[in-house]
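Let's take a walk through a protein together. Have a look at the sequence and the 3D view, and then we will go through some of the charged pairs and the nonpolar residues.

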Amino acid sequence: MDILTGNELLSGATVYLDRDGNWVEELQQARVFLKEEAEARDAAIAATKKTMRIVSLEIETATLKDGMIHPDRIRERIRAEVPTAPRFEGEHLGEDDHLSI
């Protein structure tokens, strides 16, 4: 099983793609893609790249245990459980907002 993760460009927050196609900060809200959903997963990646709002976009393998998502890599478990840098009230981009570069 796969989940999609990355960092929101403006806030730097770790985010996960949810079942509705939104990027959320809660791992347990992430959409889990089964092997047979690889085409949908890849389409979600392509659509996300076009927005340029999520950076460091990655496919992470995960396991469902007792109905909970558990990333396979320790790196992703750490990112999901505790911030590795001080958190601040970052500004999130709205649906129609953009960031000029």
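**Charged pairs and nonpolar cores**

Arg 41 and Asp 42 form a salt bridge, with their closest N and O atoms 2.9 Å apart. Keep in mind as you look that this is a predicted model.

The structure holds nine salt bridges, so let's visit another one. Between Glu 60 and Arg 73, the closest N and O atoms are 2.7 Å apart. Glu 60 is buried, with 2% relative accessibility, whereas Arg 73 is partly exposed at 37%. Both belong to a network of salt bridges that also links Glu 58, Arg 75, Glu 76 and Arg 79.

Now try finding Glu 37 and Arg 31, whose side chains meet in a salt bridge at 3.3 Å, N to O. Here Glu 37 is partly exposed at 25%, and Arg 31 is partly exposed at 22%.

Next, turn to the nonpolar residues. The largest nonpolar core has six residues: Ile 3, Tyr 16, Leu 27, Ala 30, Ala 62 and Ile 69. Beyond its neighbours within four places in sequence, Leu 27 is in contact with Ile 3, Tyr 16, Ile 69, Pro 71 and Ala 80. A second, separate core has five residues, among them Leu 4, Phe 33, Ala 44 and Ile 45.

Technical notes: Residues are numbered from 1 along each chain as its sequence is written. This is a predicted model: local features need pLDDT of at least 70, side-chain atom pairs count only at pLDDT 80 or more; totals for chains, interfaces and linings use all residues. Side-chain values use heavy atoms; hydrogens and water are left out. A nonpolar core is a set of buried Ala, Val, Leu, Ile, Met, Phe, Trp, Tyr and Cys residues joined through side-chain atoms within 4.5 Å. Buried means under 20% relative accessible area, exposed over 50%, partly exposed in between (1.4 Å probe, protein chains only). Contact means heavy atoms within 4.5 Å. A salt bridge is a side-chain nitrogen of Lys or Arg within 4 Å of a carboxyl oxygen of Asp or Glu.
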